[in-house]
Amino acid sequence: MSNRITSLFKIQYPIIQAGMIWCSGWKLAAAVSNAGGLGIIGAGSMYPEVLREHIRKIKLATDKPFAVNVPFLYPNIEEIMQLLVAEGVKIVFTSAGNPALWTGFLKAQHMTVVHVVSNTKFALKAEASGVDAIVAEGFEAGGHNGREETTTMCLIPMVADAVKIPVIAAGGISSGRSMLAAMALGADGVQVGSAFAVAEESSAHPAFKQRVIGAAEGDTKLRMQKLFPVRLLKNSFEGLIAAAEAEGADAETLKGLLGRAKAKLGMFEGNLEEGELEIGQVSALLKEVKPAAAILDEIWQGFLTEKNRVSQFNY
């Protein structure tokens, strides 16, 4: 397939693996890139020296394009940006902040820049800042989420109509069916998070992966809207947050309950009750831990199958 996204990233399929904390290290990113998609190293859970190690390892594991995701909330943001330049990173996905702060710097280093948004207003701001593409992420997505609670089905056509640059759909996408739907809504490609979070190469704890593939419909909830909205699997930690919110807890109270390294405790260390378990609503559709290449191939082949099936409709 050749379109604006495959041409922009020089990849075979318009399928991007999301940059997820505690899940997307160099092994997962390399596996996705080698399979024809775009693998992303998630820098959000990495100290600068750890990120440098992952970048150097992925360069040894693949000669295909890869990216690094950098949340602007990162405390060492300037150090990280200089590190990306020093290590010769070519594609950067940014999120959780104002793209105008760093897009010019990255573009001056001849990098391809993509920013993640959850509404049309910020999509337009990202386009104005000079990014090359936008990830429009719907309410269904795991991890940190938009306050507007706009679903992917509504968000993608609104953003696609508003901007001229390529749009990558995210949120609730894990199969060829959902990829075809996203493309029909105006997306040029898709970003897949939860399905790759449970890939064999994901750095997430095996217990977390098993919890995800055992999840049922309704097992995730959006919490901490007063602090920073995040979609979580139900467990003791999520229940604690839910109870506090029901009592009207403010941002500072929620920050105290969150504490430090809760996501690491749950997703990386496997404490399924006291840890923070970030995952999307699509977890209810995930039933097996598989290699990343198999996940990507199933999405692509499913896309082709569904595209052919729909074309046979006799209207």
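Modeller: Two strands count as paired when DSSP finds at least two bridges between them. This is a predicted model, and that rule is applied to its strands.

Colleague: What makes β5 and β6 a pair?

Modeller: Four bridges join strand β5, residues 112-117, to strand β6, residues 133-137. The cut-off is at least two bridges, so the two strands pair. They run parallel, and Val116 stands opposite Val135 in β6.

Colleague: What lies against β5 and β6?

Modeller: Helix α6, residues 120-129, packs on the sheet and touches both β5 and β6. The direction of α6 makes about 165° with that of β5.

Colleague: How do you know that β4 pairs with β5?

Modeller: By the bridge count again: four bridges join β4, residues 91-95, to β5. With at least two needed, β4 and β5 therefore pair. These strands also run parallel, with Thr94 opposite His115 in β5.

Colleague: Where do these strands sit in the sheet as a whole?

Modeller: The order is β1-β9-β8-β6-β5-β4-β3-β2, an open sheet of eight strands with parallel pairing.

Colleague: Why are β1 and β2 called edge strands?

Modeller: β1 (15-17) and β2 (39-42) each pair on one side only. From one strand to the next, the twist averages 25°.

Colleague: Why is β5 said to be largely enclosed by the rest of the structure?

Modeller: Buried means under 20% relative accessible area. Six of the six residues of β5 are buried, so the strand is largely enclosed. Both faces are covered: Thr112, Val114 and Val116 are buried on one side, and Val113, His115 and Val117 on the other.

Colleague: Which residues of α8 are buried?

Modeller: In α8, residues 176-184, the buried residues are Gly176, Ser178, Met179, Leu180, Ala182 and Met183. Their cover includes β1, α7 (152-162), β8 (167-170), β9 (189-192) and α14. Just after α8, Gly186 takes a positive phi of about 120°.

Colleague: Why does Phe313 count as partly exposed?

Modeller: Phe313 has 38% relative accessibility. Buried is under 20% and exposed is over 50%, with partly exposed in between, so at 38% Phe313 counts as partly exposed.

Colleague: What makes Phe313 part of a surface patch?

Modeller: A patch residue needs over 30% relative accessible area, and at 38% Phe313 passes that cut-off. Phe313 forms a nonpolar patch with Val310 and Tyr315, with about 360 Å² of accessible area together. In the chain, Phe313 lies in the segment after α14 (292-311).

Methods. Residues numbered from 1 in each chain as written. Predicted model: local features only at pLDDT ≥ 70, side-chain atom pairs only at ≥ 80, totals over all residues. Heavy atoms only, no water. Axes fitted to C-alpha atoms, helices over the stretch in contact; angles between N-to-C directions. Contact = heavy atoms within 4.5 Å. Patch = residues over 30% accessible without salt bridge, like charges linked within 9 Å, V, L, I, M, F, W, Y side chains within 5 Å. Areas by Shrake-Rupley, 256 points an atom, 1.4 Å probe, with all protein chains shown as cover. Salt bridge = Lys/Arg side-chain N within 4 Å of Asp/Glu carboxyl O. Buried < 20%, exposed > 50% of the residue type's maximum accessible area, 1.4 Å probe, protein only.
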